[in-house]
Amino acid sequence: MTENADPAAAAPLAGVQIIEIASFVAVPLAGMTLAQLGAEVIRVDPITGPADYHRWPLADGGTSIYWTGLNKGIRSVAVDLRSSGGQELVADMIAAAGVVITNVVGRQWLSFDSLTVGRPDLIHVEITGRADGTTGVDYTVNAGVGFPLVTGPVEHGGPINHVLPAWDVACGLYTALGVSAALRHRERTGEGSRIALALENVALATAGSLGYLTEPMVTGHERSRFGNDVYGQYGQTFTSADGVDFMVVALTGRHFRELAELTGATKAVAALSEALAVDFAEEGTRFRYRDVLGGLFADWFHRNDAAAIEAALAASSVLWERYRSFAEVAAGPRVTANPLFAVLDQPGVGAYHAAGLPLAIDGEHSPAAAAPTLGVDTARVLSGLLGLSDEQIGELVDDGIVATGTER
């Protein structure tokens, strides 16, 4: 790259145009990821705003921190999607761009068959809740896959939902991967692609690949709750003398030996091994006897404050981390001194450290760009993508087919 080269022009997906019609997490995350890889992603929303435009958390002025966080660096076009004129306009935009990603299903005008009439090599990606076409969101899909019944304290009797929308996140990244693969396929063959991705299938595939579904199939046993313990390995939570919690993991024999050494439990572990006639070099044995081992190690944690524990663990090969709140992380150097983050002035939200693309390509992270206000790019997109004149765009505004927003 020359010194004066445009970084955006050198991005992996530079020159690619994508139309996004979606709400909530999965597809917007895919669109933002593709935009961070260099694509021009044009989000099309109803004139009154999408369903998640005001979703919590909110900034003091009412702007959605959630929505702006998931739509950084994209363009916004506001269209009356219920009108035939609006639908025709969006179909023309999709034909011009050549790629559409959506979780708006059951609309004939937005279907692969209808849209490929205007663009035979279209890449059409449709996200559904379930493979049978019925609705589902992360929270309902998760309930039906099994994870809430193995999450939480051992003694807890009911389901516990995790707060991370894991299937939405994975689905969004699969969507971005699918678009990238389809672009490569079109480049080689000239053919478009019809891609269907069900949120539930993402969860099922993950559960299967990690063994949660396979285990009862082949052994007749299913996973139980283990609280904060790491299944099949040695990993437990310990508390310091000053009340700080640590997650400590020993995946290898070396990790385990060093944990025993720094806690002063080497002789006790050896005596336990001899008394039980077991070998703690085996990870399954460490897991099976985790409670008694944890009792040997816990005394050292209880006798030392957090600073001493951090220093000792940092000098070892043991895997560990303090439990931290979101507020602690946001104010700490892993955000403020991390090149992944840059200060972003988001209208309606203010200035904050915003994450760009986690991938470092040629040593650089693509920085975050501000999310648009609703419809702010309507005129420039219709002009640039469809070649409409100011007069034609004005007529569309007057007819209520599109709306233009305020500048960022």
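My entries follow, starting with the overall layout.

**Entry 1: layout**

I noted at the outset that this is a predicted model. I looked up the domain division next: domain 1 covers 7-208 + 340-403, and domain 2 covers 245-322. I checked how far apart they sit, and the C-alpha centres of domain 1 and domain 2 are 45 Å from each other.

**Entry 2: the seven-stranded sheet**

I traced the strand order and got β6-β5-β4-β1-β2-β3-β14, an open sheet of seven strands with mixed pairing. At the edges I found β6 (193-198) and β14 (402-403), each with pairing on one side only.

I then went to the β14 end. Strand β3 (residues 75-79) pairs with β14 in the antiparallel sense, over two bridges. Which residue in β14 is the bridge partner of A78? I found A403 there.

At the β6 end I looked for a helix. Helix α7 (residues 199-209) lies across β5 (123-128) and β6, and I read its direction as about 70° to β6.

**Entry 3: the three-stranded sheet**

I found another open sheet, with three strands in the order β7-β8-β9 and antiparallel pairing. Its edge strands are β7 (234-239) and β9 (319-322), and each of these pairs on one side only. Ignoring direction, neighbouring strands here are turned by 15° against each other on average.

I zoomed in on one pair: β7 runs antiparallel to strand β8 (residues 245-250), with six bridges between them. T237 has M247 in β8 as its bridge partner. I also saw helix α12 (residues 290-303) packing on this sheet, where it touches β7 and β8. The direction of α12 makes about 35° with that of β7.

**Entry 4: a hairpin**

I moved on to strand β10 (residues 341-346) and strand β11 (residues 350-355), which pair in the antiparallel sense over six bridges. D345 is opposite A351 in β11. How many residues lie between β10 and β11 in the hairpin? I count three, and G348 in the turn has a positive phi of about 85°.

**Entry 5: α1 on α6**

I turned to helix pairs. Helix α1 (residues 26-36) packs against helix α6 (residues 166-189) at about 45°, and their axes are 7 Å apart. I therefore wrote α1 down as oblique to α6. The crossing of α1 past α6 is right-handed.

For the contact itself, I listed A26, L29, A30, T33 and L34 on the α1 side. They meet a set of α6 residues, among them D168, V169, C171, G172 and L173. Sorted by class, the contact of α1 with α6 has nine nonpolar, four polar and one charged residues.

**Entry 6: α3 on α16**

On the α3 side I wrote down L89, D92, M93, A96 and A97, which meet V381, L382, L385 and L386 in α16. The class tally for this contact is eight nonpolar, no polar and one charged residues.

Key: Residues are numbered from 1 along each chain as its sequence is written. This is a predicted model: local features need pLDDT of at least 70, side-chain atom pairs count only at pLDDT 80 or more; totals for chains, interfaces and linings use all residues. Side-chain values use heavy atoms; hydrogens and water are left out. Contact means heavy atoms within 4.5 Å. Helices (H or I, at least four residues) and strands (E, at least two) are DSSP runs, numbered from the N terminus. Ala, Val, Leu, Ile, Met, Phe, Trp, Tyr, Cys and Pro count as nonpolar, Asp, Glu, Lys and Arg as charged, and the others, Gly among them, as polar. Two strands pair if DSSP finds at least two bridges between them. Axes are lines fitted to C-alpha atoms, for helices over the stretch in contact, and angles run from 0 to 180 degrees between N-to-C directions. Domain bounds come from an automatic or database domain assignment. Angles under 35 degrees count as roughly parallel, over 145 as roughly antiparallel, 65 to 115 as roughly perpendicular and the rest as oblique. A crossing is left-handed if the near helix is turned anticlockwise from the far one by less than a right angle, and right-handed if clockwise.
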